[in-house]
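Welcome! Take a moment to look over the sequence and the 3D view, and then we can walk through a few of the features together.

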Amino acid sequence: MRTLGASIRTARRTLPLIIGAACLTLALTGCSDEDGPAQARQTPSASTAPKPAPALSAAQARDVITRYSKINNEANADRDRRLLDTVGDGPLYAMSVSDYTETEGLPAKDREPYERWSYDLASAKLYIPRLADGQDRWFAAALSSEKGKAPSRLAVFAEQPHKRWEMVSVVDLDSQKLPDVALDREGYATAVASNDNKQMAADADLLRTAVLDNFTTGGTNTGNKVFAPTKASKRQVKVHSDAATRFGDKGTSVFDEADNRFTDAYALKTEDGGALVLFSHTHTQTDAVAHSGLQINPGKEDRAWLHDVPRMSIQYTFVCNDAATVPAKAEPSRLIGYTCARTDASGPPVPSWSHRA
């Protein structure tokens, strides 16, 4: 906990698809006096109809992960945003660029040397959905960045319009027990609608609303109704409660919903008939002094945005990825992990600094 003037950094442990149902048509046979009434020709049953094709093969998915690790390392070493853009997109790209920006705001002596890494393919668990023609292609993977360690994060890779696969989301999980995603005999998953799905207790929009409520009210309006208590949801509620008292009578810290550019969500059927849903949200945290004569002194992680200038108030913006399991029936969902990054900070300087800011 920093003194008045430091931000609370949301924990850094800090992505809708519908399988098109086969349309059964009736083909009428021709008829004659001898044939009698026309008869409806039977079409193949759902069990014998061809299955939708998987988004890609397991071998291709592993190649995508390997390519991501290799190019991500090259981009991170030089904070090369253009190179990073060839393997990352969506909220993940925004979060990664914010890390670059934060690092560049530090003096060279305070920057930690970059250490190369890669995802361990041997322990990776692939969730490749079957998708109908015309659907955007994507897959999820449970991954570990340490050899021999069980996966501890869920990533989503999506094929972009230029036919290039890029990672768009990653969530650090609170448990190494992975969600029970339903797989068919060939090992492929089933994509389900992430929104407007009447077969699930909550869709991505409601889950996002509940997560935002955890931050803004401590879960009193929606969060506690949508989510059963988990480590992840409790941590979000604690972020709210800690902020409420961190400055005492010298200032306030308030969370609010923010414009969210990352509305894509991804859902896979689970063995209980529910779904694993991966989505994103954006929120702000606004710190302000209680009266004139006080100031908020930015911390070193804020330097890239606030330039060591004391402020009367500071609004931080966070982009976050979230993962939840949703039951098929009307029961609470479970938030199983979330990962956030500060992507912006701004605020008015104290009067004595206004002319220099």
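Two strands count as paired if DSSP finds at least two bridges between them. Keep in mind that this is a predicted model. With that rule in hand, look for Pro54, whose bridge partner in S5 is Arg130. Strand S5 covers residues 129-131, and S3 pairs with S5 in the antiparallel sense over two bridges.

These strands belong to an open sheet of three, ordered S3-S5-S9, in which the pairing is mixed. The edges are taken by S3 (53-54) and S9 (189-190); each has a single partner strand, so one side of each is left without a neighbour in the sheet.

## Aromatic rings

A pair of aromatic rings is described by the distance of the centres and the angle of the planes. The model has nine aromatic pairs. One of them is Phe139 with Phe157, a stacked pair with 5.0 Å from centre to centre and 10° between the planes. Phe139 lies in strand S6 (residues 138-143) and Phe157 in strand S7 (residues 153-159), so their pairing ties together parts that are 18 residues apart in sequence.

Both Phe139 and Phe157 are buried. They also belong to a cluster, linked by ring pairs, with Tyr68, Trp117, Tyr119 and Trp165.

## Two packed helices

Finally, find helix H4 (residues 204-217) and helix H6 (residues 231-245), which pack at an angle of about 35° with their axes 6 Å apart. On the H4 side, Val211, Asn214, Phe215, Thr216 and Thr217 meet Ser233, Gln236, Val237, Val239 and His240 of H6. By class, this contact has four nonpolar and six polar residues, and no charged ones.

Key
Residues are numbered from 1 along each chain as its sequence is written. This is a predicted model: local features need pLDDT of at least 70, side-chain atom pairs count only at pLDDT 80 or more; totals for chains, interfaces and linings use all residues. Side-chain values use heavy atoms; hydrogens and water are left out. Axes are lines fitted to C-alpha atoms, for helices over the stretch in contact, and angles run from 0 to 180 degrees between N-to-C directions. Helices (H or I, at least four residues) and strands (E, at least two) are DSSP runs, numbered from the N terminus. Contact means heavy atoms within 4.5 Å. Ala, Val, Leu, Ile, Met, Phe, Trp, Tyr, Cys and Pro count as nonpolar, Asp, Glu, Lys and Arg as charged, and the others, Gly among them, as polar. Rings of Phe, Tyr and Trp (its six-membered ring) pair if their centres lie within 6.5 Å; planes under 30 degrees apart count as stacked, over 60 as edge-to-face and the rest as tilted. Buried means under 20% relative accessible area, exposed over 50%, partly exposed in between (1.4 Å probe, protein chains only).
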